[in-house]
Amino acid sequence: MESGSISSEVRLKVAQCFRTLSSSADHTDVFDALETLNSYLDDGAESSRCTAAEREEFRRTHYSRTLRVLVGQLQADWTHSLSAAQRSQLWDPLFLKGPPDQALLVLMEAVTQLRPSAGLDRLVSVTERFLQSGRLADLLWSFCLGSVPSDSAQLRETLLARLAALPDLTANRLHPNNRPLFTPQRFYPLLASEMLAVLERTCRALRDGVDCSLTFVAQTLGKVCLQGHSGPVLAVMAPRLAVCTRSDMVWQRVSWKLLQDVPERCMESVLTGLLQAADSPDAFSRIAGNLVITNKKAQFVLTHKVLLLQYKYQTRVLRTVLGYLASDRDRRPLLIQVLRSVSQAWANPSAVKHTPQEQQLYVSKTLLLAASLLTDAELQELRSDLLQCLLGGLQSHLDSSAVGIRTLGMVVGECLSARMDLNGTKLKFEYDQNEETQELLSLMTPSVCPDPDRDPDPDRDPDPDRDRDRDPDPDQSSQVKSVSQRSKSDPDSDLDSDDDLPPYDMSGDVEASRAAPPRYLRDCLEGTARFSSFCSVLSSLVRRNVFAAKEISVQMTKVLLHMEDRFGISGFLVLRQAAMVALAAVDSVPVTRYLTTEFYSLNYSLRQRLDILEVLALAAQELSKPAADKVIAAASELTPYQSTSAASWRQEVEKRIQNKTKRISKGSAQPGAGAAPNRYAPVAGYFFFPLLRNYDKPEVTFDLLGSDHLVLGRLIHTLGLFMHLAVNAPIAAQMGAALLDFVWAVRYHADQTVRRGVLFAVCSVFLSMPSQALMMDLSQQLLETRTWLADVAEVDPDADCRNLAVQSLVLLDQNLKKQLQNPNGLSLES
């Protein structure tokens, strides 16, 4: 009965205040009504107008409606008559002293619905004060204590949505006059600080024996991280948690409980953000505890998704994950499980062929880091798995045509063999050292464990008996030792007497040549055994004696193609290639016929077939240049042809796209180059069409469509280059149709080098083939080609393939638009 009377009395007083605020013209009555409403929010020591029960009834039943009435009166006369002091004493406290959850909901609802006005500015200012006065911490703490009167699932979801999206909600309404505190850079660190304050209150309450719940705080953390703001939030929380959990068990319990209460759908966002914010595996271990064991979603994220399905994280994150698994005895079985999974993924031939090189590098780092953390006992347990991984995975990587993937296999093979110590044998490969290989080699540093049988003091004299058993010649060893002791005891002895001799000046010496360089081409042909003396002048001799070169061009090309570097001549491969290019440029038709025929002949190595393609490509490039540039290029700029460089393809394609783009300008600042005949156009067919024969016929030592995919990729790229150089040539249309038919059968090849070559060839066709011929001769294929290119641009695992596909689509659309805009071109119906 008493409770009912209190409720009725509070309801009557509040209703009277609402009527006064809505209809009274006397500002004194309005101010009294505001004071009455404020009295329900003051503490008992500060207010004598109402009892504690009345204040509780007002907060539970009438507070939210009171705030909505105040928002509705923003345009009333009495609102504008409030002074700054009266506003801070009577109006603002109604939003700042009541239940924070209800106040936040009303404020955000009003801010997102009101139009720009003085009333909106007043609400925005109150919202700023709400955030700055620690009301967010009060809101979170009220849920920790379970003191929210109207707590429900719907209320929680609404509050979480408002908290996580507050910067977005305010920016949509206040732009471009948004307040700095509402920006993500300011709001989310503030929210993180408020959550830390709540965690600190929780620790104090637990020490005092008060039960608390971290469910709502964990839901807030998960919601914010799920929406993509884990970086600024955890950048504030992770360092503080790492410090507080270092020696305080209560903080450790609170931190572990916080992560355990994160909703399952948000667990991945929280953990990945925490991994990037934690400064060490030890810090992450103290913050997360055994979460990876108790939570299945966390276990999936940390042991599978971060390590095998994603590859965007830095090496530091991998160290944190694997170090976390290795730092506790209960978690080490998961480290062994991870190593087994990663080793299988690294050795999977399908993964080597179909995953991007960046992901393979990421998996390789994970494998080496996990192997470095194994103990000797665990290494023996996993010996068979690692050996299978080493043998199968190394073969798959070495079979790849991509240099980077082969290098990955070599480095990982070296590291694993050294870690496993297979009967004292260690693999050793030759590869180019770069930052990537150095980083991979450095990952094995933590795996170096001290040998229990090894002397920990390197300066102590070893056991003489053990040294005698190890030395195959004790007498010789003793002699060396005596000489060493004598040299130490007598530094002025005759042993160093040769140092007093004056050095002889040899700065003017000239290396003597064993034979005079030849002056005639036939001398070169007859003296092939003395190649070291004439290889440096052979290319220039060919170009100076064109008539003589044509007499022996094919025979000389045959000799050069089969010649080996038996004498270790400096730059032998470049000099030999330069000579063959000179012969192919001087006497194009016979030499090209010979080389293209020999390409599919028996008893040639893959290296020789690649040499043929390089020579043909360089010769075609030289023939396509003006005569003035030819001599310069031949004399100084001839370098080995590199067909695996995706960057050069993009440069060529971009250059052609820029040349085809129309620009409005005032003219050229420099005079254009003089006209010169294109020597490549008449002979383009001799370079191109013979290479399309017999490609599908496997020979005894050559299977172009099978295992020799490296040569296939180089062949397709070379054909694309021939097509690229044949622009404006009469035979370009025929070459383009034949090239598209050739590459269509291998457009879905498993090897990325072959797919890159196919896409480069398609780009070359779209660039070099006349638009009219492209639309008329290939109209039936263009639709299917466009669909295929769109699919490659979206789903191909190789980044270069995706870029080339996009460029091909751009070129195709440009050709189509150009042809449709041409009044003499195709009609829409055709």
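Student: Does Asn-603 count as buried or exposed, and at what relative accessibility?

Tutor: In this predicted model, Asn-603 is found in the loop between α34 (588-599) and α35 (606-624). Exposed requires over 50% relative accessible area. Asn-603 therefore counts as exposed, at a relative accessibility of 70%.

Student: Which value is phi of Asn-603 near?

Tutor: Asn-603 is a residue other than glycine, and its phi is positive. The value of phi for Asn-603 is near 60 degrees.

Student: Where is Asn-728 found, and what is its relative accessible area?

Tutor: Phi of Asn-728 is also positive, near 70 degrees, in a residue other than glycine. Asn-728 is found in the loop between α39 (709-725) and α40 (732-744). Because exposed means over 50%, Asn-728 is exposed, with a relative accessible area of 74%.

Student: Is the peptide bond from His-175 to Pro-176 cis or trans, and what is omega near?

Tutor: Pro-176 lies in the loop between α11 (166-174) and α12 (184-207). The peptide bond that joins His-175 to Pro-176 is cis, with omega near 5 degrees.

Student: Which residue forms a salt bridge with Arg-68?

Tutor: The closest N and O atoms of the pair are 3.4 Å apart, and the cut-off for a salt bridge is within 4 Å. The partner of Arg-68 is Glu-109. The pair links distant parts of the chain, 41 residues apart, with Arg-68 in helix α3 (residues 52-72) and Glu-109 in helix α7 (residues 100-113). At 43% relative accessibility Arg-68 counts as partly exposed, and likewise partly exposed, at 30%, is Glu-109.

Student: Which of Asp-282 and Arg-286 is buried?

Tutor: The side chains of Asp-282 and Arg-286 meet in a salt bridge of 2.4 Å, N to O. Both residues lie in helix α17 (residues 281-288), 4 residues apart, about one turn of the helix. Asp-282 counts as partly exposed at 47% relative accessibility. Buried means under 20%, so with a relative accessible area of 13% the buried residue is Arg-286.

Student: How many residues apart are Arg-332 and Glu-378?

Tutor: The side chains of Arg-332 and Glu-378 meet in a salt bridge, 2.7 Å from N to O. This pair links distant parts of the chain: Arg-332 is in helix α21 (residues 332-347) and Glu-378 is in helix α24 (residues 376-381), the two being 46 residues apart.

Student: Which residues do salt bridges that share partners join into one network?

Tutor: The count of salt bridges comes to 25. Salt bridges that share partners form one network, made up of Arg-576, Arg-607, Asp-611, Glu-614 and Arg-714.

Notes
Residues are numbered from 1 along each chain as its sequence is written. This is a predicted model: local features need pLDDT of at least 70, side-chain atom pairs count only at pLDDT 80 or more; totals for chains, interfaces and linings use all residues. Side-chain values use heavy atoms; hydrogens and water are left out. Buried means under 20% relative accessible area, exposed over 50%, partly exposed in between (1.4 Å probe, protein chains only).
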